[in-house]
Amino acid sequence: MADLFDRYSGMAYSVAMRVVNDSAQAEDVMQDVFFQVWQNPKAFVSDRGSLGAWLAVVVRNRAIDAVRRRKPSDPVEDVVLPAATNVAAEVEHRTMIEQVRKVMKDLPPEQRESVEMAFFEGLTHAEIAEKKGEPLGTVKTRIRAALITVRKAFQT
Amino acid sequence: MTDGRHISQEDLALYAMQALSPGESAPIRVHLAECALCRAELAEFTGDLALVAMSVEQQPVPEGARQRFLDRIAADAASTQPAPKSVISIDSPRPTRRVAVWIPWAAVAALLLVSVALQWRVISLNKVLQLQSTQIAEQTAANARAREVLDVLTAKSAQHVLLTSAKTPPSPTARAVYLPSRGALILQASNLNPIPIGKVYELWVIPSSGAPIPAGLFTPDASGSASVVLPELPKGVPAKAFGVTIENAGGSATPTAPIILSGAAPAAGE
């Protein structure tokens, strides 16, 4: 378990920090997720995606829960990744992470903003539409387009 | 929300990032329970979000976090051990022989159970870690191999030699390797004639049906060699043939005659 923590705590803490922007709260989120893995290792289905990618999504979801001060929205078992081809171990490679950053940076600003508001700030699409003064459909389309762009960048 | 049978991609993306209201999420959750197709698409979006999450700037883990975590799981492990039922005062009457015999055995049995449970957890986590390590090692090896192939194919210093019958003068040739399912194409050309200034060679994928698809521009080096590696192409388009034309710099949307090189594609290999 210590090995697991050593390998993934930096990434998990960074994701939590990006959402909650508070060191103590980010550590709480990270600790809780690792503790859940300790208590229930079978929550992660190891033949579907990488553990690092799975942890990234679970930590993000728990961090959003913490920001919204609500009970955990879904059990961690509900987070399922695609089979280990695209997101798997390769993304844990530093060069691949750099590539994701570049893809995100190169997204049209309005797409990137919509994804970041939904994913890192935990806003609903209705809240984003209201904040940006744009139709709901536009927000939905932008978020989908941004994620598809990220996906395609790794489907070579 | 749905196209009649399935959840739209837009809503699945929002569902994956929990950006829908509870009222909007509920019918999607019901549909997902029954629809493997939508579950697979949701998993794809979750994978996309994992990439987004992992792209955040790395922050140093707070000092002592590791020890706090290890202390917490140690405390959890300890808490699963049965606590003594009561403290026996030295003034209390001596327990009967029957109680004295059973307490140690019960404690041993409880400790054995705890030990087995902890061992099972350790084995489960080790299995996960080992699988991940294997996947990373395999991926790293595959990446290194792919990089090596690409380096050889595209290195300017690489020697490109075409072996032909001794009596045949060298003529322009090209070899295309195409994987339709991925839209992946690599072309290696040799003995190309020098190209006039303001002109470029353009590669075309000629699909079984429909118009030729532009697949990259190239100019030969001094030895007449050139390559096109993984140009932007749509996926899943079977090729009937490939062709090379000469176009104005910047390329063309449609091929201009004459076709300098062409080759029919054999039946798809996958």
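Modeller: Please bear in mind throughout that the model is predicted. Chain A, by contrast, has seven helices and zero strands, and its elements run α-α-α-α-α-α-α. Buried residues make up 48% of the 156 residues in chain A, whereas 24% of the 270 residues of chain B count as buried. In chain A, residues 24 or more positions apart account for 65% of the contacts with a separation of 6 or more. For chain B, 61% of the contacts between residues at least 6 apart in sequence join residues at least 24 apart.

The part you ask about can now be described. The contact between the chains takes 64 residues from chain A and 49 residues from chain B. On the side of chain A, the elements that give two or more residues are H1, H2 (23–39), H3 (51–68), H4 (94–106), H5 (109–119), H6 (125–132) and H7 (136–152). H1(A) gives the most, with twelve residues. By type, the residues on this side of chain A divide into 38 nonpolar, 15 polar and eleven charged.

H1(A) is mostly covered, with 14 of its 19 residues buried. Just after H1(A) comes A:Asn21, in the loop between H1 and H2 of chain A. Phi of A:Asn21 is near 55°, a positive value in a residue other than glycine. Most residues other than glycine have a negative phi. A:Asn21 has 13 other C-beta atoms within 10 Å and is therefore partly exposed.

The largest nonpolar core has 68 residues, and those that touch the most other members are A:Ala12, A:Val15, A:Ala16, A:Ala56 and A:Val59. Leaving out residues up to four places away in sequence, A:Val59 touches A:Ala12, A:Val15 and A:Ala16, together with A:Val29, A:Met30 and A:Val33. Apart from this core lies another, of 19 residues, including B:Ala174, B:Tyr201, B:Ile206 and B:Phe242.

At the other end of the list of helices is H7(A), which packs against helix H1 of chain B, residues 9–16. Two packed helices are described by the angle between their axes and the distance between the axes. For H7(A) and H1(B), the angle is about 80° and the axes are 9 Å apart. From H7(A), the contact is made by A:Lys140, A:Thr141, A:Ile143, A:Arg144 and A:Leu147. The residues from H1(B) are B:Gln9, B:Glu10, B:Ala13 and B:Leu14. Together, the residues of this contact divide into four nonpolar, two polar and three charged.

B:Phe218 has its place in strand E4 of chain B, residues 213–218. This residue counts as buried because 21 C-beta neighbours lie inside 10 Å. Beyond its neighbours within four places in sequence, B:Phe218 is in contact with B:Val200, B:Tyr201, B:Ala226 and B:Val228. Of these, B:Tyr201 is also one of the residues of the 19-residue core. B:Phe218 and B:Glu202 are 16 residues apart in sequence, and their C-alpha atoms are 6.4 Å apart.

Two loops of chain B also hold backbone features. B:Leu230 lies in the loop between strand E5 (226–229) and E6, and has a positive phi of about 50° although it is not a glycine. With 14 C-beta neighbours inside 10 Å, B:Leu230 counts as partly exposed. Further along, B:Pro258 is found in the loop between strand E6 (239–248) and strand E7 (259–264). The peptide bond that joins B:Ala257 and B:Pro258 is cis, with omega about 5°.

How values were computed
Residues numbered from 1 in each chain as written. Chains lettered and ligands numbered in written order. Predicted model: local features only at pLDDT ≥ 70, side-chain atom pairs only at ≥ 80, totals over all residues. Buried ≥ 20, exposed ≤ 12 C-beta atoms within 10 Å, placed from the backbone. Helix = DSSP H or I, 4+ residues; strand = E, 2+ residues; numbered from the N terminus. Contact = placed C-beta atoms within 7 Å. Core = buried A, V, L, I, M, F, W, Y, C linked by C-beta atoms within 7 Å. Nonpolar A, V, L, I, M, F, W, Y, C, P; charged D, E, K, R; others polar. Axes fitted to C-alpha atoms, helices over the stretch in contact; angles between N-to-C directions.
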